[in-house]
Amino acid sequence: MALFNDPIEIHRAPLVKDPYGQHRDWDQAMKVWQGVGAALPYRRSYKPEPAVRETSRTRITVYLPGAVAFDSADRLLIRDEWWESDGEPWPWRLGSRQYTQLYAKRVTK
């Protein structure tokens with residue numbers, strides 16, 4: 001597919017326990033998938049009222065070829081920017097081809 005020209009990596013961090021509960025240790029993250037896909041903006045940047053917050057939230061839709069084993073806690077590296085998953089992946093088919101669709105978000109200041 002012609003739109004699949006964005007280099008994408010999926011990184012997964014182990015879940016570790018500490019006195020406060022469990023959290024992901026992103027210093028120990030491993031790359032679990034690498035390839036080309038399509039990362040397309042699906043909504044304009046959202047910026048709340050200045051009195052509320054001074055951040056901007058950007059969202060994209062990501063299409064990956066094949067059935068990718070993606071966990072909702074994984075992070076994506078797309079065009080040298082880190083993105084967080086925004087929900088569960090959705091596998092779908094187009095004829096005999098299979099794809100994985102997912103949403104991602106990034107918060108910037």
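Select Leu40: its contacts (heavy atoms within 4.5 Å) are Ile60, Thr61 and Tyr63, leaving out residues up to four places away in sequence. The model is predicted, so local features need pLDDT of at least 70 and side-chain atom pairs count only at pLDDT 80 or more, while totals for chains, interfaces and linings use all residues. Residues are numbered from 1 along each chain as its sequence is written, and side-chain values use heavy atoms, with hydrogens and water left out.

**Around Leu40**

Leu40 belongs to strand 4, residues 30–46. Strands here are DSSP runs of E with at least two residues, helices are runs of H or I with at least four, and both are numbered from the N terminus. The cut-offs are under 20% for buried and over 50% for exposed, with partly exposed in between (1.4 Å probe, protein chains only).

**The whole chain**

Zoom out and colour by secondary structure. The protein chain has 9 strands and 0 helices, so from the N terminus on the order of elements reads β-β-β-β-β-β-β-β-β. Of its 109 residues, 30% count as buried. Of the contacts between residues at least 6 apart in sequence, 56% join residues at least 24 apart. Show the surface next: the accessible area of the chain is about 7500 Å², and carbon and sulfur atoms account for 50% of it. That area comes from the Shrake-Rupley method with a 1.4 Å probe; for residues, only the protein chains shown count as cover.

**The nonpolar core**

Select Ile60, Val62, Leu64, Leu76 and Ile78. These are the residues with the most contacts inside the largest nonpolar core, which has 13 residues. Such a core is a set of buried Ala, Val, Leu, Ile, Met, Phe, Trp, Tyr and Cys residues joined through side-chain atoms within 4.5 Å. At least two core residues come from each of strand 1 (6–12), strand 5 (56–65), strand 6 (75–78) and strand 9 (97–108). Which strand gives the largest share? Strand 5 does, with 3 residues. In soluble globular proteins, nonpolar side chains tend to be buried together.

Stay on Leu76 and show its neighbours. Leaving out residues up to four places away in sequence, Leu76 touches Ile8, Glu9, Ile10, Phe70, Glu81, Trp82, Trp83, Leu102 and Ala104.

**Two hairpins and a further pairing**

Select residues 15–18 and 21–24, which are strand 2 and strand 3; they pair antiparallel over 4 bridges. Pairing requires that DSSP finds at least two bridges between the strands. Strand 2 and strand 3 make a hairpin with 2 residues between them, and Lys17 stands opposite Gln22 in strand 3.

Move to strand 6 and strand 7, which run antiparallel and are joined by 4 bridges. Leu77 has Trp82 in strand 7 as its bridge partner. This hairpin also has 2 residues between its strands.

Arg79 has a positive phi of about 50 degrees although it is not a glycine. Asp80 is not a glycine either, and its phi is positive at about 65 degrees. Arg79 is partly exposed because its relative accessible area is 48%, and Asp80 is exposed because its value is 76%.

From strand 7, continue to strand 9: these two strands pair antiparallel over 2 bridges. Glu84 has Lys105 in strand 9 as its bridge partner.

**Aromatic rings**

Select Phe4, Tyr63, Trp90, Trp92 and Tyr99, which form one aromatic cluster. The whole structure holds 4 aromatic pairs. Tyr63 and Trp92 have ring centres 6.2 Å apart and planes at 85 degrees, so this pair is edge-to-face. Tyr63 lies in strand 5 and Trp92 in strand 8 (residues 90–94), 29 residues apart, and the pair links distant parts of the chain. Rings of Phe, Tyr and Trp (its six-membered ring) pair if their centres lie within 6.5 Å; planes under 30 degrees apart are stacked, over 60 edge-to-face, and the rest tilted.

Last, select two arginines. Arg75 lies over the face of Trp26, 4.0 Å from the ring centre. Arg106 lies over the face of Trp83, at 4.7 Å from the ring centre. A charge counts as over a ring if NZ of Lys or CZ of Arg is within 6 Å of the ring centre and within 35 degrees of the ring normal.
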